[in-house]
Amino acid sequence: MSPDMDPPTSPMPPRHTGSVQEPEMPAAPSPAPSPQAVSNSLVVPVLIGAAVAVALGVYGRLHEPTGFAVNLAGFSSTGYVKAWLATIATLFGIVQLLSSLVMYGRLLAAAPPWIDSLHRWSGRLAVLASVPVAMHCLYALGFQAYSARVLVHSLAGCLFYGAFTTKMLCLTRPNLPRGALPVLGGLAFTGLVVLWLTSSLWLFSTKGLKF
Ligand code: HEM
C-alpha cells in the first residue's frame, strides 16, 4: 500500500504457521489520538507548504523578469514547449486523480496490485514535467497580474507547489486526519488544472494547436 494513502478497510485473514492453532487473542485497540495530536500532525506541513507558496510568489514578484527564451528543436516557441510540458503534467495529474479514486475504493471493486506504483510514478512525472515550466515562468516572466487570467495563473502556480509540498510532508506524519491526503491531493490537482486552463488551453485556443 502506498505510504500516502489510507488503506481501504480490508483486513487480511489471520495466517497460521504451525499445526497447533493457538487461540486468537483480540488485538488490544490502540488508543485513539487526541484531537490535539491530530491537528498537530498537520501544522508543520501546512506551515511549510504555505511558506513555499508565499516564497515563490514573493520571488516572482520581486525578481526582475528576464524575459529569456529557450527553444527546443521541433517547437515553434518557448511558449509551446511550456504548453506541451504543462499538458503532459496535467495528464499525469489526471492519472493521479483516477488512481487515488481506485485506491480509496471509489472507482473499482478491487484495486489492482500495481495501483500504488502507478499513483507514485504519475505524481513524480507530473511534478518533473512541471518544474522546468515553472522555473521559466518565475525567472523569465515573474508573478504577474496584468489580467485576471494571468493573476489566477500565477496564484495557481504558487498553490500547486504549496499543496504538493504539504502533501509530501504529510505522507510520513502519524495521526493524520483521515481526509487530509485527499484534500491536499485535490488542492494540488486543482492548482494543476487551473494552471493548464490559464496557460496551455489559452495558448492553444488563441494561437493555434501546434508544436
Ligand atoms: C510557480 C508560479 C508560476 C508563476 C508565477 C507563473 C507565471 C506565469 C506568467 C506571468 C505567464 C505569462 C502569461 C501570459 O502572459 O500569457 C506564464 C505563462 C505560462 N505558464 Fe506559468 N507560472 C507559474 C507556474 C507554472 C506552472 C507550474 C506551469 C505548468 C505546470 C506553468 C505553465 C505556463 C505556461 C504553459 C505558460 C504559457 C507559455 C508562456 O507564456 O510562456 N506555469 N506563467
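**Figure 1. Residue classes in the shell around the ligand.** In this predicted model, the shell around the ligand is made up of 15 nonpolar residues, ten polar residues and one charged residue. The shell holds 26 residues.

**Figure 2. Packing of α4 against α5.** The two helix axes come within 8 Å. They cross at roughly 150°. An angle over 145 degrees counts as roughly antiparallel, so α4 is roughly antiparallel to α5. The contact of α4 with α5 comprises 16 nonpolar, seven polar and two charged residues. The crossing of α4 past α5 is left-handed.

**Figure 3. The chain as a whole.** The chain has five helices and zero strands. Along the sequence, the pattern reads α-α-α-α-α. Of the 211 residues in the chain, 28% are buried. Contacts were also sorted by sequence separation. Among those between residues at least 6 apart in sequence, 77% join residues at least 24 apart.

Definitions and conventions:
Residues are numbered from 1 along each chain as its sequence is written. This is a predicted model: local features need pLDDT of at least 70, side-chain atom pairs count only at pLDDT 80 or more; totals for chains, interfaces and linings use all residues. A residue is near a molecule or strand if its C-beta atom, placed from the backbone, lies within 6 Å of it. Ala, Val, Leu, Ile, Met, Phe, Trp, Tyr, Cys and Pro count as nonpolar, Asp, Glu, Lys and Arg as charged, and the others, Gly among them, as polar. Axes are lines fitted to C-alpha atoms, for helices over the stretch in contact, and angles run from 0 to 180 degrees between N-to-C directions. Helices (H or I, at least four residues) and strands (E, at least two) are DSSP runs, numbered from the N terminus. Angles under 35 degrees count as roughly parallel, over 145 as roughly antiparallel, 65 to 115 as roughly perpendicular and the rest as oblique. A crossing is left-handed if the near helix is turned anticlockwise from the far one by less than a right angle, and right-handed if clockwise. A residue is buried if 20 or more other C-beta atoms lie within 10 Å of its own, exposed if 12 or fewer, and partly exposed in between; C-beta atoms are placed from the backbone. Two residues are in contact if their C-beta atoms, placed from the backbone, lie within 7 Å.
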